[in-house]
Amino acid sequence: MSNLSGDKKIIMLDEPTSGMDPSARRFTWDILQKHRKGRTILLTTHYMDEADLLGDRIAIMADGQLQCVGSSLFLKRKYGVGYHMSIAKAPDCPVAEVASLVKRHVPSSVLENNVGAELSFILPQEEVGKFEALFDEMERKKIELGIDSYGASVTTMEEVFIKVGDGNRDTKALPDGYGSSTESQAIENRQSAANGSMSYQEEDLEEQTNHLYEENPIRNTGLMLYCQQFRALFIKRFLTVCVIGC
């Protein structure tokens, strides 16, 4: 985490917690949250819980292109299915009655899984106002319906990432200007302008590099070789000092 040393205002971190155990990852998150004030931190990660916790704005890429940008809440609303309600059921739980109860309170609910001792439903976010009555009745009839426990959770960033990656999206969720026709036209114009001089640049480059492919290329030796190596080493050290100093 040497990037946090000094008074740098812009910091780029490429998967800083990759390969760490959970304890070390949590420690790294605490450090980043502690030192984030007054800084812009660009962080790449494959851990969606990490992006959800640390990211003020999250960008997701798929197929080599930027697919969506926004806050965690915005992306969950855009790509999420709503809430997942999980029920731990007893062996004698009447699943049909439980499903009927849920359907009566939340008509657009969907039975997601019925595996082993767990029963889960998808509850649309649009009907969140009906959840209280549903939970009240479930609490009163827990013994009768054979329900050991239950709980609801919102869509996770992992689910959002999978949905975006699978291409299950109508449109890309990008800020104004991203991927717009105006931007596309501007890119095309720049490409057209560049193509006009491309042939000349390629010819010049070919002339400059022809000697590299000669059968007997000219190689520096002696003092010239020493000067070439010294110059390369000097430039490398100079750039290193500039980076550390900044």
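Is Asp-52 buried, partly exposed or exposed? Asp-52 counts as partly exposed, because its relative accessibility is 27%; the classes are buried under 20% relative accessible area, exposed over 50%, and partly exposed in between (1.4 Å probe, protein chains only). This is a predicted model, in which local features need pLDDT of at least 70 and side-chain atom pairs count only at pLDDT 80 or more, while totals for chains, interfaces and linings use all residues. Residues are numbered from 1 along each chain as its sequence is written, and side-chain values use heavy atoms, with hydrogens and water left out.

**View 1. The whole protein.** The protein has 9 helices and 8 strands; helices (H or I, at least four residues) and strands (E, at least two) are DSSP runs, numbered from the N terminus. Of its 246 residues, 25% count as buried. Among contacts (heavy atoms within 4.5 Å) with a separation of 6 or more, 65% are between residues 24 or more positions apart.

**View 2. The salt bridge between Asp-52 and Lys-76.** The closest N and O atoms of Asp-52 and Lys-76 are 3.0 Å apart; a salt bridge is a side-chain nitrogen of Lys or Arg within 4 Å of a carboxyl oxygen of Asp or Glu. The pair links distant parts of the chain, with Asp-52 in helix H2 and Lys-76 in helix H3 (residues 72-79), 24 residues apart. Lys-76 is buried, at a relative accessible area of 15%. The whole structure holds 6 salt bridges.

**View 3. The salt bridge between Arg-36 and Asp-56.** The side chains of these two residues meet at 2.9 Å, N to O. Asp-56 lies in the loop between helix H2 (48-54) and strand S3 (58-62), and Arg-36 in the loop between helix H1 (22-34) and strand S2 (40-44), 20 residues apart. Asp-56 is exposed, with a relative accessible area of 60%, whereas Arg-36 counts as partly exposed at 26% relative accessibility.

**View 4. The largest nonpolar core.** This core has 15 residues; a nonpolar core is a set of buried Ala, Val, Leu, Ile, Met, Phe, Trp, Tyr and Cys residues joined through side-chain atoms within 4.5 Å. Strand S5 (83-89), helix H4 (95-105), strand S7 (118-123) and helix H5 (131-140) each give two or more residues to the core. Phe-121 is among the residues with the most contacts inside it. Leaving aside neighbours within four places in sequence, the contacts of Phe-121 include Met-85, Ile-87, Val-98 and Val-110. A second, separate core of 10 residues includes Ala-51, Ile-58, Ile-60 and Tyr-79.

**View 5. The surroundings of His-105.** His-105 lies in helix H4 and is buried, with a relative accessible area of 17%. Its side chain makes a polar contact of 2.5 Å with the side chain of Glu-137; a polar contact is a pair of N or O atoms within 3.5 Å, where within protein one must be able to donate a hydrogen and the other to accept it, and residues adjacent in sequence count only if both atoms are side-chain atoms. Beyond four places in sequence, His-105 is also in contact with residues including Glu-127 and Lys-130. Glu-127 and Lys-130 form a salt bridge, with their closest N and O atoms 3.1 Å apart.
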